Amino acid sequence: MYVAAKGGEKAIRNAHALLAKRRRGNKNLPSISLAQIAQQLTLAVDRVMAEGSLYDVELAALAVKQARGDLIEAIFLIRAFRTTLPRFGYAQALDTSEMLVRRRVSATYKDLPGGQLLGPTFDYTHRLLDTSLGVADEAGEVDDEARQADPADAAPVAMPRVTDLLGQEGLIEAAPADEGAEPFDITRAPVSFPVDRSTRLQTLARGDEGYLLALGYSTQRGYARSHPFVGEIRFGDVEVIFEAPELGFELSLGTVQVTECQSVNQFKGSATTPPQFTRGYGLVFGQCERKALSMALVERALRWKELGEEPGAPAQDEEFVLSHCDNVQATGFVEHLKLPHYVDFQAELDLVRRMRAEQAAERPADGIKEAAE
Amino acid sequence: MSQILMAAGFADPVFDQQATFRAAMWALSRPGRVEPIRAGLAPPAPLNAEAAALVLALCDYETPLWLDPALAGAPAVADFLRFHTGAPIVAEAREARFALIAEPVDMLDFYDFAQGSPEFPDASATLILQVDAFTAGLVLEGPGINGRTAFGAAPLPADFIERMAANRAGFPLGVDLLLAGAGGVAGLPRSVTVKEG
Amino acid sequence: MNAHATGAMPEITYNFAYLDEQTKRMIRRAILKAIAVPGYQVPFAAREMPMPYGWGTGGVQVTAAVLGPDDVLKVIDQGADDTTNAVAIRGFFEKTARVATTTSAREATVIQTRHRIPETPLTENQILVYQVPIPEPLRFLEPRETETRQLHALAEYGLMHVKLYEDIARHGHIATTYAYPVEVAGRYVMDPSPIPKFDNPKLDDCPALQLFGAGREKRIYAIPPFTRVRSLDFEDHPFRVQRFAQPCALCAATGVYLDEVILDDKGGRMFVCSDTDYCNERQEAGHRGEMAGEAGRASPSPQPSPLRGEGADGALNLSPTGKGRPEGPGEGTWGVPTTPSSAGDPGSARAAPSGMTK
């Protein structure tokens with residue numbers, strides 16, 4: 001049997017209808033297309049893919065549209081969809097040294113093999129509002145594939161990673177070897193602390209950009225300072241390769257755009273290790289440099305124990321940092337305060353009233369004073 | 001191994017798994033009470049239909065499964081279970097999250113299976129024991145039981161009461177038992193106290 | 001999915017009860033372990049759900065994992081079936097599982113709840129699924145999971161007793177009024193979710209199976225039927241529940257948990273059952289409270305009118321259906337223990353209710 005409940009259902013329907021109306025805005029204006037979002041709000045789409053942990057430009061654009069531009073809401077939409085997808089297996093580790101590089105800068109060398117490639121960046125722009133963007137310009141559909149397949153703005157030359165160059169001299173700690181083991185999957189198993197490297201990196205990679213930015217910033221201001229240099233930040237297309245055990249061969253699933261940041265941090269050495277540089281690592285879907293950089297700083301700070309450093313700064317606190325960096329979790333719990341809590345509030349009200357009554361009975365003078373106020 | 005020769009799994013995987021899980025859930029929630037299992041499976045011998053249903057409902061590639069010698073000696077059983085669940089079949093009893101025991105009388109000691117740890121007592125094995133009949137002769141007490149309840153099943157290890165007492169004494173560590181056969185399943189979680197009736 | 005921005009996007013279809021089968025099996029295995037170790041929090045790989053974390057994702061995942069086609073589902077929030085979040089969750093299961101729903105606690109086989117235990121005694125074969133925001137009872141004493149896990153492993157609960165005792169020393173009372181910690185089957189200290197401690201006695205020796213799901217915190221725990229659940233207390237300060245000074249204004253029930261509804265800005269208020277199903281059932285059986293209409297008349301909703309989506313007037317209406325208030329049966333008894341500000345407050349002289357039959 002079905003019994004309709006009163007009130008709430010209608011209210012929810014009305015609220016949703018209103019939401020749809022607000023989303024659409026003035027109907028005299030054309031509806032924004034997913035292609036327009038994907039092509040013109042690329043960084044919003046990239047952030048949604050990165051923190052949504054799903055590389056799909058079209059779905060991310062849809063989520064941005066559906067969420068009225070609220071990116072955390074859009075990330076949430078993507079996550080809720082992603083969780084229903086079956087898992088076929090794990091791709092091989094991305095080889096970013098083989099990246100089709102669209103942008104690459106190193107702060108540690110003036111010049112290096114492959115050169116510096118400024119690419120599409122806000123760096124060095126004057127932040128002056130450009131009113132020329134305020135007028136409607138050329139109409140017509142843009143080639144939807146242009147974003148993915150325009151080799152013209154990519155570097156044609158090989159670009160070895162700066163950390164690999166340092167590694168040849170033994171000046172930087174070796175990158176952890178890829179043993180081919182399946183990574184811990186934070187979407188398939190509950191995390192318990194302390195965590196391994198794959199768990200740490202996954203959690204940070206889908207973590208909130210603003211949260212990581214603030215924590216990364218705190219390390220620069222002296223809370224777990226580790227003297228970072230941007231060894232390199234690079235953005236471009238990398239191939240995703242999947243080895244299907246039942247097929248017995250590798251196949252390319254296509255390319256994804258990622259931003260990778262490797263920080264080079266000071267390390268004085270220990271009893272067993274000579275002085276050398278250490279790494280902080282950031283990797284994010286799409287072009288999200290602020291996030292990749294912040295991630296590298298925080299990742300490095302979280303490694304204090306293995307490097308024998310002093311703990312104590314917020315960014316070093318693994319359980320704290322990793323437990324609170326997911327914005328879908330955070331926004332859900334913060335916003336759940338909007339839900340009714342009147343049962344519990346009633347219990348608190350009763351207690352406070354009772355305690356006030358008891359106190360007033362013990363101290364009648366106070367009670368009179370209060371009544372007089 | 002031809003797929004054509006493979007015994008069928010659940011006719012309706014979504015609902016049959018759900019119904020079988022619910023039987024197991026109520027069985028562990030109300031120790032000693034036999035919950036019916038109607039899955040209509042015809043697995044290769046000596047695997048019985050009720051135990052097969054429990055494995056198909058609860059196991060997958062995430063759950064290492066151990067088979068007792070009687071089951072391991074019949075390759076069709078492992079093929080059937082692997083095909084329908086994808087569960088890795090392990091040789092070491094201690095690595096198993098689920099263990100399937102066709103001959104309880106000769107079974108390994110409970111301590112040979114994962115007991116969980118004080119921090120993670122849930123990381124312990126669930127043992128599925130095939131039985132021929134639910135009988136009487138035992139009395140159960142503990143969570144899930146309104147006072148006490150009579151219970152019995154056959155066959156069981158000769159020292160069953162001592163084993164269950166030791167398992168209870170180790171609480172919150174220990175193994176959990178599902179007894180499967182005769183059209184149903186009964187649960188004996190580690191929280192139960194088993195006495196002679 | 002490829003970018004086909006100009007064409008229609010393909011329809012997305014979901015499995016029965018939304019979750020894929022592998023996820024359900026994972027949750028089901030966690031539920032079985034939770035039942036085997038009563039009160040222990042089993043970690044599970046909670047999925048993202050299409051509702052926000054903190055809004056019942058844990059309860060929804062547990063419900064989705066246990067629910068079958070023959071179940072009859074009831075969803076309550078704050079005891080009421082028609083609170084917006086309860087409506088939204090019920091709608092989710094109607095849509096994804098096409099399961100029968102009800103508001104009747106007697107008819108339901110599965111009841112998902114936030115913050116209350118129904119007043120109607122639960123029976124065997126029923127499953128009560130709690131939505132849990134913070135499953136760790138020690139969390140506010142020790143925020144670190146690494147520490148609290150050890151404390152549970154060692155059954156080291158002194159910290160909790162110290163906290164409760166400090167309350168007594170400071171306030172003369174244990175100042176915890178909801179999410180009041182309990183000891184389950186003599187071993188684990190457990191957070192019963194933010195139910196008022198009024199409901200704690202219902203946890204004990206309950207014939208129904210009680211399952212607790214915390215999605216964001218990724219924990220599932222359980223109380224099997226007929227299990228001893230003891231609210232923590234002290235010999236000289238035994239556990240006691242809140243008592244209301246008056247019966248429900250609509251159904252005259254006593255010994256039930258009441259919601260306080262503010263009627264005006266002059267201190268007027270009424271107290272009505274938090275459990276709407278229980279209240280309606282009593283009213284249908286002819287029980288009448290102070291504020292109820294005559295028998296045979298449609299009784300006013302015991303709840304404040306639900307939120308309206310911004311509509312005709314765009315306003316949120318939070319006032320109760322029956323505006324105004326009746327002549328009080330005596331000052332200071334509207335559920336408010338006698339306090340200086342309510343008892344004998346001349347400012348609260350009340351007018352007879354308008355629009356209500358007394």
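Two residues are taken to be in contact if their C-beta atoms, placed from the backbone, lie within 7 Å. The model is predicted, and local features therefore need pLDDT of at least 70 and side-chain atom pairs count only at pLDDT 80 or more, while totals for chains, interfaces and linings use all residues. Residues are numbered from 1 along each chain as its sequence is written, and chains are lettered from A in the order in which they are written.

In chain B, 69% of the contacts between residues at least 6 apart in sequence join residues that are at least 24 apart. Chain B contains five helices and 10 strands, where helices (H or I, at least four residues) and strands (E, at least two) are DSSP runs numbered from the N terminus. The radius of gyration of chain B, 16 Å, is close to the 16 Å that the globule rule gives for 197 residues, so the chain is as compact as a globular protein of that length; the radius is taken over C-alpha atoms, and the rule is 2.2 Å times the number of residues to the power 0.38.

Between chains C and B, 29 residues of chain C are in contact with 30 residues of chain B. On the chain C side, the elements that give two or more residues are helix H1 (21–36) and helix H4 (145–153), and the largest share, 11 residues, comes from H1(C).

Within chain C, the domain assignment, which is automatic or from a database, gives domain 1 (21–231) and domain 2 (243–306 + 319–358). The contact between them takes 16 residues from domain 1 and nine residues from domain 2 of chain C.
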